[in-house]
Amino acid sequence: MKDYFMSDVLVEQGGFLQGKEMKSRKIRINNPDNDRPINIFIGTAVILSIISIFMLNIDWIMLFSRVGELAGVFIELSQFNFTNFDLVAVAFMESVTVTLLATLYSLVGGLLMGAFMARNITPSKKLAGVLSSYNSFIRAVPTPIWVLLIIACLGFGPAPGIIGLSFHATAFFARAFSQAFEEVPQATIEALQATGANRIQIFFSAVLPASMTALIAWSAMRFEINFSESTILGMVGGGGIGYSIAASVTGYNFGRAGISILMVFVFAYCLEIMFTAIKRRMKA
Amino acid sequence: MSKPLIVEHLTKSYGPGSLAVDDVSFEVKQGEFVAIIGPSGAGKSTILRCINRMVEPSDGRILFEGNDISHVQGKKLRDARRRIGMIFQHYNLVYRLTVMQNVMHGRLGYMSTMDGILNRYKEEDKEKALKLLNKVGLLEYMYKRASELSGGQKQRVGIVRALMQEPSLLLCDEPIASLDPNSSKVIMDLIYELTKEWNISCIVNLHQVHVAKEYATRIIGIRQGKLVFDGPPSELTNVMIEEIYNTSMENLMINGEVRAVG
Ligand SMILES: Nc1ncnc2c1ncn2[C@@H]1O[C@H](COP(=O)(O)OP(=O)(O)OP(=O)(O)O)[C@@H](O)[C@H]1O
Ligand SMILES: [Mg+2]
């Protein structure tokens, strides 16, 4: 039976098969042309990582001999120092509010920009292109740099943190949301156009609900990122718990640094649990 | 009898050198049930989509309720569209939303932008939706997500959404092409009865010639973008069918289908 089939194929497509597959007697099922970009990507990544290891000139022996000291640091951190805990608590709350506000502002901005950037619903393809490259530029510059620039204008404190974070997160949301909008089937949008609904109505009645799961998933993810970024921002002068950690460590007050780090960890962990639960419920 | 739809010399070309629709003219009287048949790629969908301007005609005129709508834009276009219901092969619902939410979308064309955004549908419209859902047998599904329905049920939601527009014309692009024979009959019966009850004109693209013959008061045959037949089902002879599909009867599976459905 098998032989019969093979000979059949050979008769019909002999030329095509003989050249490649018949030599090894194995018939390949993938198309090498499709895999080529992936292979190139993986190859480049491997080469670059090998080069980086040599470039960095890491003293591996010293690194390993010092690993023991890391445990010492952890022990010092775990001897919590509760003096002036109120200051730490205030700093922590500041980080949480910075995160909340930055996420809220960037959500609004991201939704608006995303709607204009999504190719399937934008009122102007040109505007979509302009917004898209503007956002790529914003995202290409890391958040701390934006915050430093804004600190240069506004001075230290939470305000530059909020603005800098929102800047970056808005660009992130705009990109993520516009892609979510673009995944809404054209047919669904057409069905609403056919009812005589206008552009804005179609956006709110069809596009937004159809992409809601994706929007919530992206928002949750970005909220987590915003929180961890807001702690880093504290270290460059954006206030909050990051500042508390940085100041405690440089002042050798490891006990206070430890409690600050623990608070960050617990909060991030709770967020994670909460968002996982929300996502599970949305799918059900 | 008034003529809510007049299609004059409709021509559509998607690119240079090929005409998807080639100088097609026909009229539809109020309450008429017209079936368009023709082979795949003949231009049936294009004709339908030119009528409500989902596709821009290259040439010719569309007169709907006495107005030339072939070039209107913006508000005028939406005003015309809300009087033309459309039913799709793949239903095209918002599957995350409930049956009721999908059905109410049919009212958006009559509402202000703000009312649409805030879902402020009129209570009387909602009552009407319930009556229609009851009529198509979906009342108990009103709060179910559209994604949880079967194909036939989804199409019934599509029908109610279109009827909520209070259309004077209903366009159906292969409404039963994705359904089994049983659901197909339910859907065709519903479209037939509801359009008759409200005296809505109806144009249905169909792949099944026997279904066209069974329901239509008039049949239009399209071949390679050209109108090659326009008459009552009784005049659609086997010779004519062979002409439309450009092949002989035994290649058409028509007899087989007739036997399968009874
Ligand atoms: N968006 C488009 N862009 C370019 N060509 C198109 C487009 N839509 C349709 N066509 C072409 O126009 C011709 C008519 O297509 P149309 O979809 O109207 O046919 P149809 O009769 O509805 O076919 P089917 O029965 O398969 O649905 C086809 O040759 C098709 O390839
Ligand atoms: Mg079609």
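Of the 25 residues of α2(A), the number that is buried (20 or more other C-beta atoms within 10 Å of a residue's own, with exposed meaning 12 or fewer, partly exposed in between, and C-beta atoms placed from the backbone) is zero, so this helix lies largely in the open. The model is a predicted one, in which local features need pLDDT of at least 70 and side-chain atom pairs count only at pLDDT 80 or more, while totals for chains, interfaces and linings use all residues. Residues are numbered from 1 along each chain as its sequence is written, and chains are lettered from A and ligands numbered from 1 in the order in which they are written.

**Helix α2 of chain A**

- Helix α2 of chain A covers residues 32-56, and its end C-alpha atoms are 36 Å apart, which agrees with the 36 Å that its 25 residues should span at 1.5 Å a residue; the expected span is 1.5 Å times one less than the number of residues.
- After α2(A) comes Asn57(A), whose phi is positive, near 60 degrees.

**Fold and extent of chain A**

- Chain A has twelve helices and zero strands, where helices (H or I, at least four residues) and strands (E, at least two) are DSSP runs numbered from the N terminus.
- The radius of gyration of chain A, taken over C-alpha atoms, is 27 Å, well over the 19 Å that the globule rule (2.2 Å times the number of residues to the power 0.38) gives for 284 residues, so chain A is more spread out than a compact globule.
- Along the principal axes, the C-alpha atoms of chain A fill a box of roughly 85 × 65 × 40 Å.
- Buried residues make up 32% of the 284 residues in chain A.
- Among the contacts in chain A with a separation of 6 or more (two residues being in contact if their C-beta atoms, placed from the backbone, lie within 7 Å), 70% are between residues 24 or more positions apart.

- Leaving aside residues up to four places away in sequence, Val207(A) touches Ile121(A), Phe181(A), Val184(A), Ile189(A) and Ile202(A).

**Contacts between chains A and B**

- In all, 19 residues of chain A are in contact with 21 residues of chain B.
- On the side of chain A that touches chain B, α8 (186-194) and α9 (199-210) each supply at least two residues.
- By class, that side of chain A has eleven nonpolar, seven polar and one charged residues, with Ala, Val, Leu, Ile, Met, Phe, Trp, Tyr, Cys and Pro counted as nonpolar, Asp, Glu, Lys and Arg as charged, and the others, Gly among them, as polar.

**Ligand 1**

- The residues around ligand 1 (C-beta atom, placed from the backbone, within 6 Å of it) include Tyr14(B), Gly43(B), Lys44(B), Ser45(B) and Thr46(B).
- The shell around ligand 1 has three nonpolar, six polar and one charged residues.

**Positive phi in chain B**

- His9(B), in strand β1 (residues 5-12) of chain B, has a positive phi near 50 degrees and is exposed, with 12 other C-beta atoms within 10 Å.
- Tyr91(B), in the loop between β6 (84-87) and α3 (99-104) of chain B, has a positive phi of about 65 degrees and is buried, with 25 other C-beta atoms within 10 Å.
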